[in-house]
Amino acid sequence: MKSDPMIQVPDGLDLNAIPAHIAFIMDGNGRWAKKKLMNRAKGHEQGVETVEEVVSACRELGIDVLTLYAFSTENWARPAMEVKALMHLFKRFLKTKIEEINKKNIRLNIMGQIERLPDDVRKEAEQAVETTQNNSAMILNLAISYGAREEITRAVQKIAAKVRSGELEDKDITDKTISDHLYTAGMPDPDLIIRTSAEFRLSNFLMWQAAYSELFFTPTLWPDFTSQELYQILIDYQQRDRRFGKV
Ligand code: IPE
Ligand code: IPE
Ligand code: MG
């Protein structure tokens with residue numbers, strides 16, 4: 001999509017070279033809250049504010065796909081209180097923000113084990129996906145109960161079932177076949193993966209799709225992340241030489 005001509009961005013950011021797909025590992029909510037002597041749930045709550053800002057900024061920039069890692073398959077092992085607070089936040093976000101998302105012509109897509117979510121959250125998620133299904137300005141992938149290993153395992157199971165039924169021959173399985181069975185089927189791979197909070201790992205995020213993503217790590221804690229910092233990261237991204245193995 002083309003970017004909004006009215007958008008105010010810093011000098012040096014080329015609006016004609018905006019990546020198609022940006023993914024965020026939204027990390028550091030807990031540490032943000034701890035620094036402020038608040039409980040971790042407050043950090044997650046503040047993190048939702050950042051989500052709104054980043055969604056708006058990406059929409060204005062004309063990004064096609066924005067993927068947000070909100071809850072990993074491993075995050076289920078957190079204390080029940082925190083999991084509960086997060087589920088409550090997801091539900092509230094889906095319920096109260098979907099109108100705005102819809103107005104912005106954004107299509108919501110949930111990536112992950114939707115069947116593991118509490119019934120009320122799952123229903124809200126399904127409703128939000130349905131409400132926005134025909135929108136075309138940007139895809140917002142919300143990764144909830146998402147893990148790349150689970151995603152790849154699930155893809156292998158689906159492909160195996162097709163081979164068993166005769167729909168597919170094993171010699172016809174290519175890397176595109178795998179891509180087509182992931183939660184991101186039909187979407188471009190992320191050009192850029194940004195992780196906040198000075199952690200330098202993928203934590204089971206988009207391991208297949210990240211093959212040639214540019215990685216960016218910032219010490220900023222997610223609740224403190226701003227659209228201005230995103231613009232600066234994009235300027236940095238635009239200076240990089242993506243060779244894809246060529247010379
Ligand atoms: C990221 O913040 C949000 C989730 C993983 C759900 P954290 O909750 O991981 O915050 P830190 O890393 O403990 O600071
Ligand atoms: C990664 O953050 C998952 C999300 C941001 C949703 P974590 O805080 O769970 O990752 P680790 O445990 O530091 O690797
Ligand atoms: Mg963390």
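Predicted model: local features only at pLDDT ≥ 70, side-chain atom pairs only at ≥ 80, totals over all residues.

Colleague: Okay, pockets then. What volume does the largest pocket have?

Modeller: The largest pocket comes to about 640 Å³. Its lining is made up of 29 residues, and those nearest the centre are Met 26, Asn 29, Tyr 69, Ala 70 and Asn 75.

Colleague: Which element gives the most to that lining?

Modeller: That's H2, which supplies five residues. For orientation, H2 is the helix covering 40-61, and helix H1 (29-35), strand E2 and helix H3 (80-103) also put at least two residues each into the lining of the largest pocket.

Colleague: And how does the lining divide by class?

Modeller: For the largest pocket you get 13 nonpolar residues, eight polar ones and eight charged ones.

Colleague: Where does ligand 1 sit?

Modeller: Ligand 1 takes up space in the largest pocket. The elements giving two or more residues to its shell are H1, H2 and H3.

Colleague: Which of those gives the most to the shell around ligand 1?

Modeller: H1 does, with three residues.

Colleague: How many residues surround ligand 1, and which are the closest?

Modeller: There are 13 around ligand 1, and the closest are Asp 27, Gly 30, Arg 31, Arg 40 and Arg 78. By class, that shell has five charged, five polar and three nonpolar residues.

Colleague: What about polar atoms close to an oxygen of ligand 1? Which side chain has one, at 2.8 Å?

Modeller: Asp 27 has a polar side-chain atom 2.8 Å from an oxygen atom of ligand 1. The backbone comes in as well: an N or O atom of the Gly 30 backbone is 2.9 Å from a ligand 1 oxygen, and for a backbone N or O atom of Asn 29 the distance is 3.2 Å.

Colleague: How much of ligand 1 does the protein bury?

Modeller: The protein buries 87% of the 380 Å² that ligand 1 exposes when taken alone.

Colleague: Now ligand 2. Which pocket is that one in?

Modeller: The space ligand 2 takes is the largest pocket. Around ligand 2 you'll find Ile 25, Met 26, Asp 27, Tyr 69, Ala 70, Phe 71, Asn 75, Arg 78, Arg 195, Arg 201 and Ser 203.

Colleague: Which side chain has a polar atom 2.6 Å from an oxygen of ligand 2?

Modeller: That's Ser 203. Asp 27 shows up here too, with a side-chain N or O atom 3.2 Å from an oxygen atom of ligand 2. For Arg 195, a side-chain N or O atom is 3.3 Å from a ligand 2 oxygen.

Colleague: And what share of ligand 2 is buried by the protein?

Modeller: The figure for ligand 2 is 78%, out of the 390 Å² it exposes when taken alone.

Colleague: Switching topic: what volume does the second largest pocket have?

Modeller: That pocket is about 160 Å³. Asn 39, Arg 40, Ala 41, Met 81, Glu 82, Lys 84 and Ala 85 line the second largest pocket.

Colleague: Which elements give two or more residues to that lining?

Modeller: H2 and H3 do, and H3 has the largest share of the lining with four residues.

Colleague: How do the residues of the second largest pocket's lining divide by class?

Modeller: Three are nonpolar, three are charged and one is polar.

Colleague: Great, thanks for the tour!

How values were computed
Residues numbered from 1 in each chain as written. Chains lettered and ligands numbered in written order. Heavy atoms only, no water. Near = heavy atom within 4 Å. Polar contact = N/O pair within 3.5 Å; in protein donor to acceptor, adjacent residues only side chain to side chain. Areas by Shrake-Rupley, 256 points an atom, 1.4 Å probe, with all protein chains shown as cover. 1 Å grid on protein atoms, 1.4 Å probe; cavity = no way out; pocket = protein on both sides within 12 Å on 5 of 7 lines; lining within 4 Å. Sits in = over half its atoms within 2 Å of the grid points. Points joined across faces, edges and corners; volume = space filled by probe spheres on them. Nonpolar A, V, L, I, M, F, W, Y, C, P; charged D, E, K, R; others polar.
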